[in-house]
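Here is a briefing on one protein chain. Take the overall layout first, then the local details.

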Amino acid sequence: MNAIGLDIGTGFVKCVSDKKQIKFPSIYACRQLATWEGRGVVEAVGDEAIKMAEIPNTRVKRPVMLGKPIDEKGFEKLVVKAIEMSLETNDALGKSLESNCIIVVGLPYEAKSHAANIKKMITRLFSPKQCTVVAQVLGTLVDVSLADAVVMSMGHGTTEVVVFKNSSPIKGISIHHAVSEIMTEIGSGKTAYVNQEIFTEERTKPHIMSLADALIDDLNHMRQDMECLPIVVSGGGILLPGMKEALESKLGTGIIVPKDPVMSNALGLFKLAVQSC
Ligand SMILES: Nc1ncnc2c1ncn2[C@@H]1O[C@H](COP(=O)(O)OP(=O)(O)OP(=O)(O)O)[C@@H](O)[C@H]1O
Ligand SMILES: [Mg+2]
């Protein structure tokens, strides 16, 4: 039996299987071939889509917004690439591997209404033994081997704060303050977030601090009456220079950062899939 943990983020798709861990940009691109190139339309996702975007007549789409699917075709292509890459399959032989697997997918706390459709889509594409959709930050909680904690996941499009007691998400919120806000502030293009060097530039510093400020209010609000719970912070946002220090100083307490904060949700979702095997 194969186990798969899948986290389709606004910025990056993350997928973990028994075979490998993969991450690629949540970008879909297509372009009409020119007269001497042949006929029809070529499509690409992930790093290939970023490369294709250098050709002027390419249309670039971001199929995930605020952690939710907004372009069904593009979203489906991201899912197919992630699962095929993680199982190292893209042929008929691979179909038996795919149908013999257990897939756990993570969605934002406030995206439960999308769960049934995503499960239906994955079942249609791969006919897996089992497909479960859970709140994505449960992945981080499992990754750090805790049952009671306040988990904050700072992603590209959303930041989630969820309180867990006995591994159950008792309350949570999805906040629209996330890393993409910084990209908007500095006026960068659609795909600039893929290159993290931009965050070491002096001009991004004040925006990083202002994001920390915006999040601390929601985090403190969610922790009310539960200040004794450990705080775990995952997602690419916690890797922004100075972010961890800013959060700790504003909170007046230390936070736990998983070993690989970007992959943390997917790693925990994979562990959940393994437990169901
Ligand atoms: N070292 C890093 N590796 C990956 N992403 C980073 C890093 N440093 C900063 N980031 C930024 O973090 C964001 C990606 O984080 P993450 O993969 O957790 O978001 P996501 O899951 O795609 O988004 P969301 O959870 O909002 O749907 C991007 O904006 C990226 O530029
Ligand atoms: Mg995410």
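Helices (H or I, at least four residues) and strands (E, at least two) are DSSP runs, numbered from the N terminus. The model is predicted: local features need pLDDT of at least 70, side-chain atom pairs count only at pLDDT 80 or more, and totals for chains, interfaces and linings use all residues. Residues are numbered from 1 along each chain as its sequence is written, while chains are lettered from A and ligands numbered from 1 in the order in which they are written.

**Overall shape**
- The protein chain holds nine helices and 14 strands.
- Its radius of gyration, taken over C-alpha atoms, is 19 Å. A compact globule of 277 residues would have a value near 19 Å, so the two agree. The globule rule is 2.2 Å times the number of residues to the power 0.38.
- The C-alpha trace spans about 60 × 45 × 30 Å along its principal axes.
- Of the 277 residues, 44% count as buried. A residue is buried if 20 or more other C-beta atoms lie within 10 Å of its own, exposed if 12 or fewer, and partly exposed in between; C-beta atoms are placed from the backbone.
- Two residues are in contact if their C-beta atoms, placed from the backbone, lie within 7 Å. Among contacts between residues at least 6 apart in sequence, 66% join residues at least 24 apart.

**Domains**
- Domain 1 covers 2–137 + 264–276, and domain 2 covers 138–251. These bounds come from an automatic or database domain assignment.
- The two domain centres, taken over C-alpha atoms, are separated by 23 Å.
- Contacts link 30 residues of domain 1 with 26 residues of domain 2.
- On the side of domain 1 that touches domain 2, β1 (2–8), β10 (130–135) and α9 (264–276) each supply at least two residues. The most comes from α9, with eight residues.

**Nonpolar core**
- A nonpolar core is a set of buried Ala, Val, Leu, Ile, Met, Phe, Trp, Tyr and Cys residues joined through C-beta atoms within 7 Å.
- The largest one has 76 residues. I4, L6, C15, I103, V105 and V151 have the most contacts inside this core.
- Each of domain 1 and domain 2 gives this core at least three residues.
- V151 is in contact with V137, T140, L141, V162, F164 and V232, leaving aside its neighbours within four places in sequence.

**Strand pairing around β4**
- Two strands pair if DSSP finds at least two bridges between them.
- β4 (residues 28–32) runs antiparallel to β5 (residues 41–45), with five bridges joining them. Here Q32 stands opposite V41.
- β4 also pairs with β6 (residues 59–61), in the antiparallel sense, over three bridges. In this pairing A29 stands opposite V60.

**Helix α2**
- α2 (residues 72–87) has 16 residues and reaches 23 Å from its first C-alpha to its last. That is close to the expected 22 Å, a span taken as 1.5 Å times one less than the number of residues.
- Its buried residues include F75, L78, V79, I83 and L87.
- E88 follows α2, with a positive phi near 55 degrees.

**Positive phi in loops**
- S145 lies in the loop between α5 (137–143) and β11 (149–154). Its phi is near 55 degrees, a positive value in a residue other than glycine. S145 is exposed, because 8 other C-beta atoms lie within 10 Å.
- D225 lies in the loop between α7 (205–223) and β14 (231–234). Its phi is positive, near 70 degrees, and D225 is not a glycine. D225 is exposed, because 6 other C-beta atoms lie within 10 Å.
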